[in-house]
Amino acid sequence: MIVFYLLAILSVLSAIVVVVHRSPIYCALALVNTLFLIAVMFVLLDAHMIAFLQVIVYAGAIMVLFLFVIMLLGSPDEPASAERPGLRTVVLAAAVVLAVELGAVVAAKPGGEPMAEPPSYGSTQALAERLFTTHLLSFELTSLLLLVAVVGAVVMARRRA
Amino acid sequence: MDLLIAFAKCLVSLLIVLQVGVILLWVERKGSALIQDRVGANRANIFGGILPFNLGIVNTLMADPVKLFHKEDIVPEGADHFLHWLAPFLALFPLFLTYAVIPFGDVLVIGDTTINLQAVELNVGILFVLAMVSLGVYGVVLGGWASNSRYALLGGVRGSAQMISYEIAMGLALVAVVLTYGTLDLQAIVRAQGDLMWGVIPAWGVFYQPLALVILFIAGMAESKRAPFDLPEAESELIAGFFTEYSGSKQSVFMMADFVEVAIVAALVTTLFFGGWQVPYLYRDGFHFPGGFSIAVPSLLVTVLQVLSFLVKLFLFCWFQILVRWSLPRLRYDQLMDLGWKRLLPYALANLAVSAVLILLLQGWTVRS
Amino acid sequence: MAVPVQHYLVLSAILFAIGAVGVLVRRNVIVVFMAIELMLNAVNLAFVALARQRASMDGQVIVFFVMTVAAAEAAVGLAIILANFAQRRTLHADEISTLRG
């Protein structure tokens, strides 16, 4: 469908802005844009719950955190060329090689038609059913991880005071 | 044909939110004057000697917007032009989108086509609302940053921190409602509120989740940064907070976002807790009272009654928010954060836990469609 | 005609490579962090595309966990950056170095 190709081109352009732009705030905004476009692609792939979770968690909370840090630290724009002259060309060439290689590997295997999906595919009920039965241990460990992260962040913020 | 119907529904939804936003501007000015025992805006008057008092309509609804749109658009020196232009757009746009999933009626039957009166029929409607509320933070953050001014940045940071803190309590209150009705789809929740508890009382959310209603209301008012939570735009302290450096059309967009958010909180409260478009005992073919008495009503009249009921409830809750704004003093910032994290969040969690246990124990306590 | 899953995977590979470039080239630590988030999202896209291919919800559950872990990592990483900034007053990756040699 033409929608996917449009989204793909826009997200690649947005990702390039994230990596190339000199001002960190514009990079953060371009990343928000990329995340939003990826969420739309999730909707195209029938993963509705994950799409909205992406917007709420990633674009709505994590990126706001990034923006806070950028604004609080008053990040200056990067000077025009701060690193060794040949580095950029070499890394760009390596990135192109990486992309072509990865692309060739994943595109080589014949995929065939997508398997028929049950009617409640991608819904909250289906995700919850998987999460709380087969992957229950991972779920509990992840909640422990979040607790550790919260405590760690608070400890680090407090130490400076 | 389907495309035309979808387009018409989106247009109606957009028009409702736009009209309500503008009317609230007038209601706020005259209503606050009523509450504060003064006259309010009364200079421009086209009804001359017909009415003994001045309704203030021409002044508020016609002269003010014209004045605002004709003001010079000033961008502060050293500010980022692109971000300065982008911030009002990001503040307003997600709020309009939220209205797309709010059902404003049951069905409209024209000939043999049945049109579901909800602009976008998502089966994860509540998640969509939460997502759009999360996106609303960007307008505040960027508005504060792009103004290159101390007051604006302070207001912006405070405002966005307040918004993301109260999103959590709001989300938990919404989850409690989802538990009760067993679905995330807003239209299905409103339809489920047509059932009767013990055959007499309509199964509105307020009877099942009163604490969630209170939490949602408080969190919603804090999200829209209205008094008593309006420290980010504290008129007597930070001038105008994060939109200090905005003038003309951009300022009017920010103010409009304020009123649209009032309308959204009111719409959410009506839809989830007060039956949305439901009129008690009114079904698609007429009234069916509990005693067995029933009145047949043509389907078009039923639809009109239901849409009217939605609008009346919407305005009732908008008026309530305006009342609260002009009655309570402003909360200090640390009191505000205290309320959000130390009081609303534990209460919302406790509400969720108690609801879940009650639902398990009393299987008949929910309204499952 | 549905989009074949290979197209999604190729897009995921391109986004991953762009993120890798960002991590290697940029010197501002916050932008490096953002490029890492971009790489994580590219992988999420691949997972969801393959989950739809096999009509299995397990892929989406993995994406759920990746998002949660990324959130925790972002919080702790930004706290580290803030604490570091309090000491050294710089966000330039080359200057935040205590290794000699």
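Start by selecting Leu282(B): its bridge partner in β6(B) is Phe287(B). (Strands pair if DSSP finds at least two bridges between them; strands are DSSP runs of E with at least two residues, helices are runs of H or I with at least four, and both are numbered from the N terminus.)

A quick note before moving on: this is a predicted model, where local features need pLDDT of at least 70, side-chain atom pairs count only at pLDDT 80 or more, and totals for chains, interfaces and linings use all residues. Residues are numbered from 1 along each chain as its sequence is written, while chains are lettered from A and ligands numbered from 1 in the order in which they are written.

The open sheet runs β5-β6-β7 in chain B, with antiparallel pairing. Its edge strands are β5 (282-283) and β7 (294-296) of chain B, each pairing on one side only.

Zoom out to the whole of chain B and you have 12 helices and 7 strands. Of its 369 residues, 45% are buried, meaning that 20 or more other C-beta atoms, placed from the backbone, lie within 10 Å of the residue's own.

Next, show chain A against chain B. The contact takes 14 residues from chain A and 15 residues from chain B; two residues are in contact if their C-beta atoms, placed from the backbone, lie within 7 Å. Color helix α3 (residues 48-73) of chain A, which supplies the largest share of chain A's side, 11 residues. By class, that side has 10 nonpolar, 4 polar and no charged residues. (Nonpolar covers Ala, Val, Leu, Ile, Met, Phe, Trp, Tyr, Cys and Pro; charged covers Asp, Glu, Lys and Arg; the others, Gly among them, are polar.)

Last stop: chain C. What pattern does chain C follow along the sequence? Reading along, you get α-α-α. The radius of gyration of chain C, taken over C-alpha atoms, is 17 Å, well over the 13 Å that the globule rule gives for 101 residues, so chain C is more spread out than a compact globule. (The rule is 2.2 Å times the number of residues to the power 0.38.) Its C-alpha atoms fill a box of roughly 55 × 25 × 25 Å along the principal axes.

Finally, color chain C by pLDDT, the predictor's confidence in each residue from 0 to 100. The mean for chain C is 88.

Technical notes:
Buried ≥ 20, exposed ≤ 12 C-beta atoms within 10 Å, placed from the backbone.
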